Structure formats: C-alpha cells, structure tokens
Amino acid sequence: GDKSAPAVVVLQEWWGVTETIKRQALKLHTDGGFRVIVPDLYKGELGVDAEEAHHLMTNLDWPNAKAELVECARYLKATGS
C-alpha cells in the first residue's frame, strides 16, 4: 500500500497471532487504508487452550518482545508512515 499512509502495529491476544488477529489487521488495511504490521511475539506458536496460552504468555521474553514492538514502529516510521 501507500507508504505515506498512517500505520498501526496490531498486537496479538494471549492466544498468539490467530486468524482473527490476521482478519482484523487486513480490515484495518482494506477498510481504513492503514499500513499494518503484526509482530508474532510467540514466533509461530498458538495457544490452543487457556493453559497453553497462559504458558506462552508467562514464558514470553518481555524485554525482547518490547524491543520487537519498538522496531516495528521504527520501521513503519522510517519507511514513510
């Protein structure tokens, strides 16, 4: 899309980057004209039940996750948004 469009960093729920999150990101892009980035903080893992989602969230490397989110925002800004 237009690199000068406003941008959004879409964060996953505790389940991970689910199909619902992907649909919401696409809707922001398609309907709202936003550039959208969805960082996968669980690196492809999904919580299939509450216990697994809790385990993923509890074991998240928070400093690295924060750095990844900051990098996403910097990337969007540096490339035009």
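This is a predicted model: local features need pLDDT of at least 70, side-chain atom pairs count only at pLDDT 80 or more; totals for chains, interfaces and linings use all residues.
**Entry 1: K43**

I located K43 in the loop between β2 and α2 (50-58). K43 has a positive phi of about 55°, although K43 is not a glycine. I noted this angle because most residues other than glycine have a negative phi. I then looked up the accessibility of K43: its relative accessible area is 52%, so K43 counts as exposed, the cut-off being over 50%.

**Entry 2: helix α3**

I turned next to α3, which runs over residues 62-78 and has 17 residues. From its first C-alpha to its last, α3 reaches 24 Å, close to the 24 Å expected at 1.5 Å a residue.

Which residues of α3 are buried? I found A65, C72 and L76. They cover an arc of only 25° around the axis, and therefore lie on the same side of α3.

After α3 comes G80, and I recorded its phi as positive, near 125°.

With residues up to four places away in sequence not counted, A65 touches L41 and L60. As background, I noted that nonpolar side chains tend to be buried together in soluble globular proteins.

**Entry 3: two further loop positions**

I looked up T18 in the loop between β1 and α1 (19-32). Is T18 buried or exposed? Its relative accessibility is 17%, so T18 counts as buried, the cut-off being under 20%. Leaving aside neighbours within four places in sequence, I found T18 in contact with E13 and L46.

The other position was D61, placed in the loop between α2 and α3. D61 has a relative accessible area of 44% and is therefore partly exposed. I also checked the separation of D61 from Q12: the two are 49 residues apart in sequence, and their C-alpha atoms are 15 Å apart in space.

How values were computed: Residues are numbered from 1 along each chain as its sequence is written. Side-chain values use heavy atoms; hydrogens and water are left out. Helices (H or I, at least four residues) and strands (E, at least two) are DSSP runs, numbered from the N terminus. The expected span of a helix is 1.5 Å times one less than its number of residues. Buried means under 20% relative accessible area, exposed over 50%, partly exposed in between (1.4 Å probe, protein chains only). The arc is that of the directions from the helix axis to the C-beta atoms. Contact means heavy atoms within 4.5 Å.
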